[in-house]
Amino acid sequence: MQKGRDFIKAIHRSFFTLHSNTSISQMDQSTRYRYSPTLKWNPMVEEYFIKAYGADHFSRISTALTCPSCYSCIRVNTLKSTSDAVIEKLLEIFKERGMHDVAVQESSTTWEPDNCCKATLKCTGSAESLKAIKSISKCQFPGLDYVVFVKGSGPHAIHYGDNEGKPLKEVIVSRKCAEAVLRGAQVYVPGVLACSAHVERGDAVAVSVAVEQYGPDGGWGVAMTRGTVIQGSQEDPYYFERDGLYIGQATAMMSRAGMFRVTEGVAVDMKERVYRLPSFYDLLEGEIFLQNLPSIITAHALDPQPGERILDMCAAPGGKTTAIASLMKDKGEVVAVDRSHNKVLGIQKLAAEMGLSCITTYKLDALKSVCHGAESDSLPNTCSAEDARTSDLLSTVNDLQLKDGQYPSKAELRKRIRQLKNGPGRNHTAGGRVEKSKGFSPNSFDRVLLDAPCSALGLRPRLFAGEDTIDSLRSNAKYQRRMFDQAVQLVRPGGVIVYSTCTISPGENEALVRYALDKYEFLSLASQHPKIGGPGLTGSCQLSDGFVEEWLKPGEENFVQRFDPSSDLDTIGFFIAKFSVGPKNI
Ligand SMILES: C[S@@+](CC[C@H](N)C(=O)[O-])C[C@H]1O[C@@H](n2cnc3c(N)ncnc32)[C@H](O)[C@@H]1O
């Protein structure tokens, strides 16, 4: 406790020493109340990324990460609706909400690989009359016309008002809260860290964010405890910390006392935002799914075919699982596993909402995905914790086969076993039971997706990146390799593995590909369709401890897709590699 207080005091001291010679009159108010964050990195990680990308490119990536993408990407559930129907419904909803000038973007652009999205999506950055949305358009990439883009706008310069020389009323929110607000969310009570004195319901407040600072003890922290009173003057110990970190103007929905007394509800209602993006919360449930473009492309790269058996190894919340099942027209089997019980329930709920019945879910540690031995020969190709029950069910299925007088396909048998175990349409029940699996038989899947847990250093908007160290990036890479080793065993010869991450870190991307190709001779990189992302990184990088990280070899770079957050496509940072699996000699 004392250590925490010392940390806070020390941070205050360091800020005061730094800024005490600056008078408020010297400060340009328009500079202060702007949004221009600088992403903080661990110095060694920054050095590593500068080696990988070059200083200028990395600086652009770093800046892009602090902003949301200027459009929302919606995947239409083609089993329930069409892009045209969704666009019509959204226009109707936006009209009801008073956004009259939202327009359908005509597909005037003829598609070319390099400018498809540039033409429809580039942010204008100008002060637009629209409150939230500029236009809605269908994606122009071939085969992706079920993807709808809803364009937002920003960054907007916001006039926070002239409070007749008195300090503005303000609210400071947590970093996580601010990142959500930049994506279109509201400010909920738990996200509020500090508030000016005497704020009453209905007051206009300037909203800024508290970002982690490097403390004198060598660690990162937020030098503020929840409930702090903002003074608003330069003597305010938090004054300079939030310089350039203002995300919009809001109306207080409760008094200051209320914000720190109640435990839930909207604390302030965002009226003017630096970035205006629509919220799709609770909108057209089951018909649409808000999903990043690279994630949608990942499902296409896997190229799942109706009737196949697919494994999604780290599946929650189920975005790619459901995208894969839709591409398969809900025919075949998508086995979705995750190690978190609640997240598996979430996948079941999503599958039910989207009306997808070919998804089977299990709680499983992907590091233990392979099940060897007699158990693995069981028909369902999963070694469930309930093997005894499974064998009873198998004999029931055998009876069914005899009664029917014909032998159904393996996929049909698996489906019938599932139904017997779970009852009809278990995926359609909310809060159901989560089945544990002990793993699957080797070579039992046609295709495997490993959308690996990673450092997530491609996610946007991001206001802080200092907590990742070279060591943490390395341990992610080790974890990913162990998972990949499992994927290799589970996929059948002739099958496909797709590996993806949402990080810009080459150690978790190109270095994984190098590891895979060097270790498994029967793996080769395969072309991906559609190919929208840029090439991968070739060569190697020597880290500060002398370790040399090997990336792609020349000629391999165009097989992978690297989505660069600073490119015109304006996506999150993302990486996709696709492997063809040849005859195995294991
Ligand atoms: C990048 S997210 C997956 C996102 C998902 N594929 C989607 O598109 O919706 C990574 C997931 O891996 C899960 N995970 C992490 N370690 C795991 C493990 N050892 N076994 C299974 N799942 C794991 C996490 O719970 C998390 O849900």
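Two helices, α10 (319-327) and α14 (470-490), each supply at least two residues of the shell around the ligand in this predicted model. The shell comprises 19 residues, and the closest of them are Asp338, Asp365, Ala366, Asp451 and Tyr479.

A polar backbone atom of glycine 319 lies 2.9 Å from an oxygen atom of the ligand, while a polar backbone atom of alanine 366 is 2.7 Å from a ligand nitrogen atom. Tyrosine 479 contributes through its side chain, a polar atom of which is 2.9 Å from a nitrogen atom of the ligand. Taken alone, the ligand would expose 600 Å², and the protein buries 89% of that area.

Elsewhere in the chain, helix α5 spans residues 83-96, and its 14 residues reach 20 Å from the first C-alpha to the last, close to the 20 Å expected at 1.5 Å a residue. Its buried residues are Ser83, Val86, Ile87, Leu90, Ile93 and Phe94. Seen down the axis of α5, these buried residues fall within an arc of 125°, so they line one face of the helix. An α-helix has 3.6 residues a turn, so residues three or four places apart point the same way. On the other side of α5, Glu88 and Glu96 are exposed, each with over 50% relative accessible area. Following the helix comes glycine 98, whose phi is positive, near 85°.

Conventions:
Residues are numbered from 1 along each chain as its sequence is written. This is a predicted model: local features need pLDDT of at least 70, side-chain atom pairs count only at pLDDT 80 or more; totals for chains, interfaces and linings use all residues. Side-chain values use heavy atoms; hydrogens and water are left out. Helices (H or I, at least four residues) and strands (E, at least two) are DSSP runs, numbered from the N terminus. The expected span of a helix is 1.5 Å times one less than its number of residues. Buried means under 20% relative accessible area, exposed over 50%, partly exposed in between (1.4 Å probe, protein chains only). The arc is that of the directions from the helix axis to the C-beta atoms. A residue is near a molecule or strand if one of its heavy atoms lies within 4 Å of it. A polar contact is a pair of N or O atoms within 3.5 Å; within protein, one must be able to donate a hydrogen and the other to accept it, and residues adjacent in sequence count only if both atoms are side-chain atoms. Accessible areas come from the Shrake-Rupley method with a 1.4 Å probe; for residues, only the protein chains shown count as cover.
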